[in-house]
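Subject: Structure for you to look at, with notes

Dear colleague,

I am handing over the structure we spoke about, and below it you will find my notes on what came out of going through it. Please read them with the structure open beside you.

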Amino acid sequence: MALPVEEWRLCAARRWAALEPALRERLAAAASLHDTLRLGCGLLRPEVEVAALQRLCRRARAGKEPAAARIYREEGNRLFGRRHYGAAARLYSQAASHELPGSPEVSVCFANRSAALFHLGHFEACLEDIARAESHGYPDRLLPKVLLRKVECLLRLGRLQDAADTLSVAENKIAMDEIMTNPTCQTLLKKLSQLKIKIHEKESCPEPVREACGDVQRKSEIWEENDSISGASSSLSLKFDAERGRHLVASQDILPGQSLLKEEAFVSVLCPGESFLLQDSSETAWDTRVTNADLYCHRCLRQLLASVPCHGCSYTKYCSQNCADVAWEQYHRTECSLGALLLTLGVFCHVALRTVLLAGFAEVSRLVEESHDGEKDLHNPQARCKHLGEAPDARAGTRVIPGCNDNGQYQSSYQAVFNLLPHAEKHSPEHKFLCMLSVVAICRQLQEAGLEAVVLNRESSEKCSRPKTCDKTSGELSPELKTVAEAMLRHVLQLQCNAQAITVMQESGSGDGAVVNKKPVRLATAFFPVLSLLNHSCCPNISVSFTGTAATVRASQPIASGQEIFHCYGPHQCRMRVAERQQLLSQYFFECRCQACLDELESDVKSVVSMRNSFCCPSCRASMQVGEDMLCCSNEACASSVSRESLSRRLQDLQRQMKKALELLRDRKADQAIKMLLKCQMDAGNFLSPEHLLMGEMEDHLAQVYATLGKWQEAARHLERSIQIVEAHHGPSSVEMGHELFKLAQILFNGFAVSEALSTIQRAEEILSVHCGPQSTQIQELHEMKTCLLELPRSILQRT
């Protein structure tokens, strides 16, 4: 979650209410973040707020706990026995993260995971885990079995000499076993003999060398980088005015699909799963559900196969030792012992801390001091605008846009992050107080854990591999940590308007079917200073996609020269009515006046979104007219009325039934899932509009079930109905249409409907290349399907 856990928010609210009225007024009227910190820095009481945080942190399990490792390992063994190798591998990873580095127990976790990876066909990853098991002191008596697995991996990879050498080592190990009658030893000897035969056969009859199959030819994207804006195309220019602030406009005509910006996040923090914040319980319960923390690298956000655990905490996992080392050097040596506190205080506080750690104290201190010089203009709009937008460059006499360096360049730098607006004057005093208490709590913990020198970049990583006890016990922060706290408070407040969610298309369901069903999932929260230049529109002209921690912005429609580039901060116009959009967008401290909102507000015609997602009359199925408590049929001849509460209950019940149907599908009870979904469809038709999005979801789920059964024609028929509803809501060239067409292409491909598959592939390519680019995974999969179909014999192509 972005903000701290609810209990801490309530604790801060009670502290705010208990303050003396005069102090509360001074805090509310504080002219700057510096004044806020000066007034509130000492308000964190050890016996109340600090004690409450300590209790909450005990629920966020981020430390090494061998008891948890045993539970995860045993559950992994159980799933391995049932041949659920992917789930078993993830549980072995969780077990490894809780074991102490270098212990025999962690080596067993890696060895067990290597077995799961072998069965999944990930032979290189299996070899890496075997090496990890050996380096962590895997028990010598168990080593022969692992060595024989290594031989099999090497054979599969065609590395015959390495396989022969490893087999020789394994043979010597087995020969040294004194109890040759041991059944386990006899099994290993039999396996050894089989592997000897395999090696001999491969040496005698080597497989023909295959020509290297290069990746599908990738289209190169036209790209000429901007001289003034890092990562941006030369087709953009940076502008500033008092009304719109900093913004980007097209300096030339732009075509759909054209790349406009490629930016690496200045900082990103993985969003944890809710299972890391367990409720208080008298019993120790360990959650084996899979979350983002188990699926993605905590530094680069790549999908994890065989994670490398942190040596100090159980929460953080990486895709490689290199990622682990870089993260430790840049920030994790400071964050490691604070894991439970950061999970309790939320992602925004975590992003704020990591931002100052990446920037370095010298740069943080410089910019904080410079901000103090301009605080006198905060309440003078004219002076502030002049200070921000018209500061002359002494050498060139040019206008300097905030965030730009001395050369007038806007870079993806800490200076650009620092100059994002915190809107301190618009946040409620209570919210600012919560954020202030939270960052002060983090800085106090840094001081008490002896990590201040690390934060201030005054100590090498070698000297700070373990936290030291600090001599200070007064709770008073040092002047340097007060500077850090001020910068962190600024960043926490900035994030409400400038945080960018990094999303990923994640597989839903088991993922082992012929048709892969994916949905967008929020993976991380990040600062993208250049992307933050884009203003909002409920009907944007760009699309944003993510690869790891990098964002790519592409035009989603033609953009004429001089036109502003718009991003969508929240709900798109096709997803929600204008009143609901305006309510959600209020968090950004502006009233949206984009063209889509103006058109809808000025029109007397009922919202198209409202019509499509409306209820229909249970009697005659005409649309229901919206009322406060009662909905009336629009058909005068019918004049039926139904309470809103009654229809809402039916809708919730329908959603519960759909969820149960998907659970049946996951349990491989497809026939039962179909019956339940068809019943849901019949019930829904009695009170939902035919174009309601839920009707499309049911068609999509039915297509998924029929595809699981290999009934491709029926699956395609249901998915085509879903596509009609998606097109009605999102438009024919939307990214949602692209994803649905991708699924339809998979179904038609598997059903051997060649001509229909080829035309659907073409439509999906045209849409997804605009939104995701020609190098996206889905585009590559579409190319592979098309290549496979076109290579079929001409006689088959003519028949289809």
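I begin with a pair in helix α16 (residues 361–373): Glu363 and Arg366 are three residues apart there, which means that about one helical turn separates them. Their side chains meet in a salt bridge, with 2.8 Å from N to O. Please keep in mind throughout that this is a predicted model. Glu363 is partly exposed, with a relative accessible area of 24%, and Arg366 is likewise partly exposed, at 33%.

Salt bridges

Another joins Lys482 to Glu476, with 2.8 Å between the closest N and O atoms, and here Lys482 is partly exposed at 32% relative accessibility, as is Glu476 at 44%. Elsewhere, Arg113, Glu128, Asp129 and Arg132 are linked to one another in a network of salt bridges.

Lys150

Lys150 belongs to helix α9 (residues 143–156), and with a relative accessibility of 23% Lys150 counts as partly exposed. Once the neighbours within four places in sequence are set aside, Lys150 is in contact with Leu127, Ile130, Glu134 and Thr166. Ala115 lies 35 residues away from Lys150 along the chain, and the C-alpha atoms of these two residues are separated by 9.8 Å.

The nonpolar cores

The largest nonpolar core has 124 residues, and within it Trp8, Ile442 and Ile565 are the ones with the most contacts. The element that gives the most to this core is helix α19 (residues 429–448), which supplies 11 residues. Ile442, again leaving aside its neighbours within four places in sequence, is in contact with Leu338, Leu341, Leu342, Leu345, Cys349, Leu353 and Met488. There is also a second, separate core, made of 37 residues, which includes Ala673, Ile674, Ala745 and Cys772.

Another open sheet of three strands has the order β15-β16-β17, with antiparallel pairing. Here β15 (624–625) and β17 (641–643) stand at the edges with a single partner strand each, so one side of each is left without a neighbour in the sheet. Two bridges pair β15 with strand β16 (residues 630–633) in the antiparallel sense, and Gln625 is found opposite Cys632 in β16. Across β16 and β17 lies helix α25 (residues 644–666), which runs at about 70° to β17.

Helix α29

How far apart should the ends of helix α29 be, and how far apart are they in the model? Helix α29 (residues 735–750) has 16 residues, and at 1.5 Å a residue it should span 22 Å; the C-alpha atoms at its ends are 23 Å apart, which agrees with that expectation. The helix is mostly covered, since 13 of the 16 residues of α29 are buried, that is, under 20% relative accessible area. After α29 comes Phe752, whose phi is positive, near 65°.

With best wishes

Technical notes: Residues numbered from 1 in each chain as written. Predicted model: local features only at pLDDT ≥ 70, side-chain atom pairs only at ≥ 80, totals over all residues. Heavy atoms only, no water. Helix = DSSP H or I, 4+ residues; strand = E, 2+ residues; numbered from the N terminus. Expected span 1.5 Å × (residues − 1). Buried < 20%, exposed > 50% of the residue type's maximum accessible area, 1.4 Å probe, protein only. Salt bridge = Lys/Arg side-chain N within 4 Å of Asp/Glu carboxyl O. Core = buried A, V, L, I, M, F, W, Y, C linked by side-chain atoms within 4.5 Å. Contact = heavy atoms within 4.5 Å. Pairing = 2+ DSSP bridges. Axes fitted to C-alpha atoms, helices over the stretch in contact; angles between N-to-C directions.
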